[in-house]
Protein chains: 2
Amino acid sequence: MWSTHDMGPPLRLTRAAAKARTRELLLAAAAQVFAEHGYAGASVDEIAAQAGYTIGALYSHFSGKDELFLTLFDLHAAGHLRDIEEIIRQCTGDPDFTALGDYLATLADNDSCRWALESEFRRHAMTRPELMARLAERRAAGQTAIAGLMPCRRPGTAQCAEDDAALVITQLEGLILQRRLNPASVPPGLFAEALRRFFPPPTWAGGG
Amino acid sequence: MWSTHDMGPPLRLTRAAAKARTRELLLAAAAQVFAEHGYAGASVDEIAAQAGYTIGALYSHFSGKDELFLTLFDLHAAGHLRDIEEIIRQCTGDPDFTALGDYLATLADNDSCRWALESEFRRHAMTRPELMARLAERRAAGQTAIAGLMPCRRPGTAQCAEDDAALVITQLEGLILQRRLNPASVPPGLFAEALRRFFPPPTWAGGG
DNA sequence: GTCTATACAAAGATAGAC
DNA sequence: GTCTATCTTTGTATAGAC
């Protein structure tokens, strides 16, 4: 036995690791609560409780509600970029976008709180210039990454690829959000259909 | 003189009209405040003050914050449908969508509070099944209206037009929201470009 | 590092005066 | 129909015990 009390094995977590774990739990809980109630409607009390702690613990990790929110705001920028990289990876070897369409539908269906949270970020940013700039910046980065994939309609103009990338991103994002509201209206095949419009196959399928 | 006091002309508004006017002022103020702070962050006090009244007046017109929000929610559904009708009207006689593109850009630029409010409606609906159903229903109506315009890729299937309409709506809406975040990334011409992808011209412009 | 207790402020809603 | 005053709840943040 390791101890006089029935504690099981000594926690293998170092103090630093334990602290980091608490922080992660708080952030995950915050994501859920902010997604459900919005920034103002979320109470730090509920966030702490959702994570299995009390406000005291929360305030020892974050200066307050605002820092918690801004931390999530930036964390989700990273997640957004990872998604785009995954989408780009799946583009190769999936000429008719069936697999990628399924992936995007799954992306919409999982993480129920994620898209509500993104909507809250957007609304919040819309009335706060400094957040709006940060959001625009992160979206521009994603757009440039997608632009590298675009077949250029009018070769020679880089702007053309950027414009097309903006179309792809807003189209896919719009479809994801619509699928969350009404899954039947956006079957996985519709994602593929949308993508085929932007990335036409190298060979023409003459109807007949 | 009309009165012993310096009141100016007797208000031409009937009592019913005056009441309706107060109601409209309160609704307009509520739209602004909900857009800026979200549902939970908006205080009925600020809404009333913004309209030029106090809470007492507000509560004589609405049962509370929730009824105010839901009334706006349904009012904006009507505005949404009017937009779509206007878009459809502009489609005729605008073969390359230049005018319609400008119109959509203007739609994004005006009513700064409107799109923040729509984002709030969406986020709110995402975690409330009954609101989600109402929102999905109103969007389905708009989609069907657009579907009537679609050239059918695979004639004979009505589902095809509905699918294409879903693509058009999510694309344009996504562009409008992106333009609000960063106008430079979505010039008016990009709306036109997007529309041309869905409504190809009857004659092919052979590159050359 | 986490919890309990608490100070302090803000907001939703109601009652009654005018 | 609108305003003022008030009740009550909720929530942020802090202080101090362990």
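How much of residues 43-62 of chain A is helix, how much is strand, and how far apart are the end C-alpha atoms? I worked on a predicted model here. Over that stretch I found 75% helix and 0% strand, with 14 Å between the C-alpha atoms at the two ends. I picked these residues because the UniProt record, an unreviewed entry, lists them as "DNA-binding region", and such annotations may be inferred rather than shown by experiment.

Next I turned to DNA strand C. I counted 15 residues around DNA strand C, and the closest are A:Thr22, A:Thr54, A:His61, B:Val44 and B:Tyr59. Of the atoms of DNA strand C that come within 4 Å of the protein, 72% belong to sugar and phosphate.

Then I checked some side chains against the phosphates. A:Thr22 has a polar side-chain atom 2.8 Å from a phosphate oxygen of DNA strand C. For A:Thr54, I noted 2.7 Å between a polar side-chain atom and a phosphate oxygen of DNA strand C. A:His61 places a side-chain N or O atom 2.7 Å from a phosphate oxygen of DNA strand C.

Which elements give two or more residues to the surface near DNA strand C? I listed α1 (15-41) and α3 (55-61) from chain A, along with α3 (55-61) from chain B. The most comes from α3(A), which gives four residues.

Last, I sorted the residues of this surface by type: six are nonpolar, seven polar and two charged.

How values were computed. Residues are numbered from 1 along each chain as its sequence is written. Chains are lettered from A and ligands numbered from 1 in the order in which they are written. This is a predicted model: local features need pLDDT of at least 70, side-chain atom pairs count only at pLDDT 80 or more; totals for chains, interfaces and linings use all residues. Side-chain values use heavy atoms; hydrogens and water are left out. A residue is near a molecule or strand if one of its heavy atoms lies within 4 Å of it. A polar contact is a pair of N or O atoms within 3.5 Å; within protein, one must be able to donate a hydrogen and the other to accept it, and residues adjacent in sequence count only if both atoms are side-chain atoms. Ala, Val, Leu, Ile, Met, Phe, Trp, Tyr, Cys and Pro count as nonpolar, Asp, Glu, Lys and Arg as charged, and the others, Gly among them, as polar.
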